[in-house]
Amino acid sequence: MVTQKDFYKIADKNTVKKYGQFFTPVFAANFMRKFVLENNPKSILDPAVGNGIFLEGVDNSIKKVGYDIDTSIITFFKVNGHMDYDRVTYLSNKVILYMSL
């Protein structure tokens, strides 16, 4: 499985700095996911989906929506099979939407 370190190896350093990108640590994503799922949501929004770590552990019966301003992150993780990004819609050159129905 590819990791955020793998992404940083190929990422444009100016883009990373410009967008202030960093990846949420696994322990933090797990904590937030557990907290959110306690409320039995019908859908979950991740406003900075990146590598999808927050949405990754969410059951497919819950609608998952994620946005990101850097298409290179989504492309990298899609190409490397990190997450099911088959339903990515490029809304513009700066915003992308990931949906799992």
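The largest pocket here holds about 420 Å³ of space. Of the 21 residues that line this pocket, Phe-22, Ala-48, Val-49, Gly-50 and Asp-68 sit closest to its centre. Keep in mind that this is a predicted model.

**The largest pocket**
- If you sort the lining by class, you get 13 nonpolar, six polar and two charged residues.
- Helix 4 and strand 2 each put at least two residues into that lining.

**Lys-64**
- You'll find Lys-64 in strand 2, which covers residues 63-68.
- Lys-64 has a relative accessible area of 4%, so it counts as buried, the cut-off being under 20%.

**Ile-62**
- Ile-62 belongs to the loop that runs between helix 4 (53-56) and strand 2.
- Buried or exposed? Ile-62 is buried, because its relative accessible area is 10% and anything under 20% goes in that class.
- Along the chain, Ile-62 and Asn-40 are 22 residues apart, while in space their C-alpha atoms are 8.9 Å apart.

Technical notes:
Residues numbered from 1 in each chain as written. Predicted model: local features only at pLDDT ≥ 70, side-chain atom pairs only at ≥ 80, totals over all residues. Heavy atoms only, no water. Helix = DSSP H or I, 4+ residues; strand = E, 2+ residues; numbered from the N terminus. Buried < 20%, exposed > 50% of the residue type's maximum accessible area, 1.4 Å probe, protein only. 1 Å grid on protein atoms, 1.4 Å probe; cavity = no way out; pocket = protein on both sides within 12 Å on 5 of 7 lines; lining within 4 Å. Points joined across faces, edges and corners; volume = space filled by probe spheres on them. Nonpolar A, V, L, I, M, F, W, Y, C, P; charged D, E, K, R; others polar.
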